[in-house]
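Have your viewer ready and follow along, one selection at a time. Each stop says what to pick and what you will find there.

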Amino acid sequence: MTVKYPKTVGQCIDSMYAMREQRLNLQKQVELMKKEEAAIEAHILNQFSKAEIRGAKGTTATGSVTAKTVYSIADWPTFIGWVAKHKAWDILYKQAGQTALRERFDNGQEVPGIEAFEKIGLSLTKAGGA
């Protein structure tokens with residue numbers, strides 16, 4: 001994909017700001033649609049339950065009840081102890097909590113295996129009077 005950039009930095013900033021506003025508006029619409037989908041899904045599953053059926057057809061789609069096992073941690077200390085004892089690190093996401101790390105580093109505490117670096121980004125705000 002070839003991007004044609006505006007000629008000046010100011011025009012680039014305005015273009016990026018407009019694009020971000022458009023994306024955020026679309027994102028709001030998507031989030032609203034997701035909520036509506038979830039409400040309709042709950043309604044359909046409720047109707048299936050009431051009718052004691054596991055599926056139904058519309059004119060363009062078929063719906064059926066699915067089930068899958070998901071797991072949640074009920075006892076963190078026990079779970080983490082087991083992970084450490086069995087070296088089952090693959091069970092964990094390989095990401096550290098940024099807020100907890102920031103607090104420790106801000107208090108002068110070093111955490112082995114962690115390095116801090118500055119992530120450079122761009123902040124955009126709407127110009128006054130517009």
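Start by selecting K34 and E31: both belong to helix α1 (residues 9-51), where they sit three residues apart, about one turn of the helix. Helices here are DSSP runs of H or I with at least four residues, strands are runs of E with at least two, and both are numbered from the N terminus.

Before going on, a word on the model: it is predicted, local features need pLDDT of at least 70, side-chain atom pairs count only at pLDDT 80 or more, and totals for chains, interfaces and linings use all residues. Residues are numbered from 1 along each chain as its sequence is written, and side-chain values use heavy atoms, with hydrogens and water left out.

Now show the side chains of K34 and E31, which meet in a salt bridge at 3.7 Å, N to O. The term stands for a side-chain nitrogen of Lys or Arg within 4 Å of a carboxyl oxygen of Asp or Glu. The structure holds one such bridge.

How exposed is K34? K34 counts as partly exposed because its relative accessibility is 48%; E31, at 39%, is partly exposed too. (Buried is under 20% relative accessible area, exposed over 50%, partly exposed in between, with a 1.4 Å probe and protein chains only.)

Next, select M1, in the segment before α1. M1 is exposed, with a relative accessible area of 96%.

Finally, go to L122, in the segment after α3 (98-106). L122 is exposed at 54% relative accessible area. Draw a C-alpha to C-alpha distance from L122 to V30: they are 92 residues apart in sequence and 25 Å apart in space.
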